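Here is a short briefing on one protein model. Look over the chain before reading the points below.

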Amino acid sequence: MNPLVNVAPDTSPQHDSARQKDSQKAGARVGLTADSITINGGKPLTGTIAVRGAKNLATKAMVAALLGETPSLLKDVPDISDVQVVRGLLEVYGVKVTTGARGEWTFDTGKVESAHFAEIDAHAGASRIPILFCGPLLHRLGEARIPDLGGCRIGDRPIDFHLDALRKFGAVVDKTYEGINLTAPNGLKGALIELPYPSVGATEQVLLTAVRAQGITELKNAAIEPEIMDLIAILQKMGAIISVEPNRVILIEGVDRLEGYTHRALFDRNEVASWASAALVTKGDIFVQGARQTEMMTFLNVYRKVGGAFDIQEDGIRFWHPGGDLKPVTIETDVHPGFMTDWQQPLIVALTQAHGVSVVHETVYENRFGFSEALNEMGADIVVHKEGLPGYPRRVARRDFEQAAIITGPTKLHGANIYVPDLRGGFSHLIAALSAEGQSVISNMGIISRGYEHIIDKLEALGADFVYEG
Ligand code: EPU
């Protein structure tokens, strides 16, 4: 077996080490710790697993509940540590959170109160979620705080789109030693905002702020991911007036009052793509209950081009390796409706088994190929070009920091000891180990609980050969 492979962590904003520590803390609450799993690879994953609400919707829907004067009910809340982080934050602000069977959570916002930096910090760690509380808190309390998310990181980490938008609504942003204080001495007013990039988080920020701002907000260059559309659906249920116009324009007419909502969270597209890749890599056959075609079309096209098979059924999608050679592809990650950045890591593991050279351009985050080092230790042939590939034919314009990974396959993967660096990279290591020849030990499994619900139970249901030390 190989010595412990220490991979460079993914440095996309969500994945700094402070947040990882925090997620582990929250992970403990859902029964997971910094733990390890010993895998005997080479066995196809076959069976049925279910996905529930999307991490990247449920957490935002929980923040939206703060805007309602009456309680909200969110269904299909996944049992993952990121959700627990938001729950902790809501409780800090006086929201009564009640959890029921089948992921049905209620949020009673009758007694919303302000919180201190230290309390917020203790619950959020380096998470970016506190930023999204700004609009709702400014409306409810007239003030909001974003703690210093770990040393000087807040200055370096890009929340510029968020702060610029909040200023346009009339918020006063005061950077202090402890963090950022926001106030709205004259209330919040609708604004004309054009995002420099269709950022998911900044679009959510604008939506959560504009719905109760006075007057009309026009947001240009908005993100239009399905999770954003689901958030808009929730806000509409609450009483908001939002219209999605052509060309990434969203118009929001502010209203005086919003009520609570009842909503079933959109399924987790990232989890579906992850298990689909797992089926391909392990030459398995996985039925993912709860997956839907419409929101997965871009992924399904690529899956088919690589040589994966799928069957869309009423209550889910079956993914499998139909035999024969996998084919190489060229992919550019992009904002919706493009190929999501979160889908590339698990798919790259499958591409190590394709016959030929695949190219993956990462255009959303600055450094999301760190996980490939461990794959190379396992026998993959992945070369990362940190400056992208100049002159390579591209569908969308290059971004300044674009990187490209060249994956040459097929390569036999063998077992290794890997310390999981982050959520999506970690899942990729896991499925590489499941397909590899020999034994692997994957540690820091708890971090995968940030975004993958009941991962150990699911591996068991799919017939993986492993010993878990929790
Ligand atoms: N950006 C800025 N300034 C800002 C905000 C963003 O420069 O103020 C840049 C970012 O640095 C990045 C790009 O804009 O280069 C895109 O960031 P975006 O704001 O769209 O991403 P996000 O809202 O921070 C969400 C998901 C990510 C997912 C991206 C893209 C959540 C909690 N996170 O992040 O999910 O990759 O959208 O779809 O919703 C994951 O689930 O593992 C994950 C990382």
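What is the strand order of the open sheet of four strands? The order is E18-E19-E21-E20, with mixed pairing. This is a predicted model: local features need pLDDT of at least 70, side-chain atom pairs count only at pLDDT 80 or more, and totals for chains, interfaces and linings use all residues. Residues are numbered from 1 along each chain as its sequence is written, and side-chain values use heavy atoms, leaving out hydrogens and water.

**Sheet**
- Strands are DSSP runs of E with at least two residues, and helices are runs of H or I with at least four, numbered from the N terminus.
- Strands E18 (330-332) and E20 (381-385) are the edges, each pairing on one side only; pairing requires at least two DSSP bridges between two strands.
- From one strand to the next, the twist averages 15°.
- Five bridges join E20 to E21 (residues 403-409) in the antiparallel sense.
- Asp381 has Thr408 in E21 as its bridge partner.

**Helix on the sheet**
- Helix H13 (residues 341-351) lies across E18, E19 (356-362), E20 and E21.
- H13 runs at about 165° to E19; axes are lines fitted to C-alpha atoms, for helices over the stretch in contact, and angles run from 0 to 180 degrees between N-to-C directions.

**Nonpolar core**
- The largest nonpolar core has 152 residues: buried (under 20% relative accessible area, 1.4 Å probe, protein chains only) Ala, Val, Leu, Ile, Met, Phe, Trp, Tyr and Cys joined through side-chain atoms within 4.5 Å.
- Helix H11 (residues 269-281) gives the largest share of this core, eight residues.
- Leu235, Trp275 and Phe319 have the most contacts inside the core.
- Beyond four places in sequence, Phe319 is in contact (heavy atoms within 4.5 Å) with residues including Val272, Ala276, Phe299 and Tyr303.

Technical notes
Buried < 20%, exposed > 50% of the residue type's maximum accessible area, 1.4 Å probe, protein only.
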